[in-house]
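This report describes selected features of one structure. The sequence and the model are shown first, and the description follows.

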Amino acid sequence: MEPVATTTDATTTTVADTTTTSTEASTTTAMITTTTIAPDITTTTATTTTSTVPATTSSTTTTETLSQKQIVPSSMTLYNVGELDSTALNKWRTKTIQQIITHSEDEDITVTLDNVSQVAVGRRFLRQQQEEQQHSRILADDGYLKIDFDALVETESNGGLTEQDADDIVASGFSTAAFQTEYIYLLKSADSATFGDIDRMIMVV
């Protein structure tokens, strides 16, 4: 008897790609997962499954809250002036509000200064050594006054104000050296005895 030739056909089954889209807010993820199932010892079939999750582009929009009132924490430093008494403090308050409103582009606002606190730092002396000239000199500074306060900005506009709008309004009156010089002269004109020696300032919003 002659041997009979035996032919074994390999059967391969492929599972079609399955695409699943997953969207998550503010996350962009691209993930490819491949799982291969090894052939059983009694079969010649191998199955490969591939699942692809494409990148998802999502945009996050930040919306600022509009309000008729906004509070702007602020800090002002005036150089060469001491702590203010109640009369001088009221003059400072009036001139500060005037300066803010004058340079604001919004004509429908009112400004109030609340929670005012002041810290005066007295006269300081600094010694600067100049070794190359073999001598030293004394630099005198008459100190400074730091005033912390909340500026309450209100508008009659139906559009309201964002926090950034209010910050810009308060800062506008002090945003340039010319505006700061103008403000210092306002203070001096209100009370030269108290504010007459001020020569510079810093405003932080």
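N80 lies in the loop between β4 and α1; helices (H or I, at least four residues) and strands (E, at least two) are DSSP runs, numbered from the N terminus. The model is predicted: local features need pLDDT of at least 70, side-chain atom pairs count only at pLDDT 80 or more, and totals for chains, interfaces and linings use all residues. Residues are numbered from 1 along each chain as its sequence is written, and side-chain values use heavy atoms, with hydrogens and water left out.

The phi of N80 is near 70°, a positive value in a residue other than glycine. Because its relative accessibility is 12%, N80 counts as buried (under 20% relative accessible area; exposed is over 50% and partly exposed in between, with a 1.4 Å probe and protein chains only). N115, which lies in strand β5, also is not a glycine and has a positive phi of about 50°. At 59% relative accessibility, N115 counts as exposed.

## The sheet

An open sheet is formed by 4 strands in the order β5-β8-β4-β9, with antiparallel pairing; two strands pair if DSSP finds at least two bridges between them. The edges are β5 (109–121) and β9 (201–204), each with a single partner strand, so one side of each has no neighbour in the sheet. From one strand to the next, the twist averages 20°.

Strand β4 (residues 69–79) pairs with strand β8 (residues 144–155) in the antiparallel sense over 11 bridges. S74 stands opposite F149 in β8.

## Helix α1

Helix α1 (residues 86–102) lies across β4, β5 and β8 and runs at about 135° to β5. Axes are lines fitted to C-alpha atoms, for helices over the stretch in contact (heavy atoms within 4.5 Å), and angles run from 0 to 180 degrees between N-to-C directions.

Among the buried residues of α1 are L89, W92, I97 and I100. The buried residues of this helix pack against β4, β5, β8, α2 (163–172), α3 (177–190) and α4 (192–195).

## Helix α2

In α2, the buried residues are A166, I169, V170 and S172. Seen down the axis of α2, these residues fall within an arc of 160°, so they line one face of the helix; the arc is that of the directions from the helix axis to the C-beta atoms. The buried residues of α2 pack against β4, α1, β5, β8, α3 and β9.
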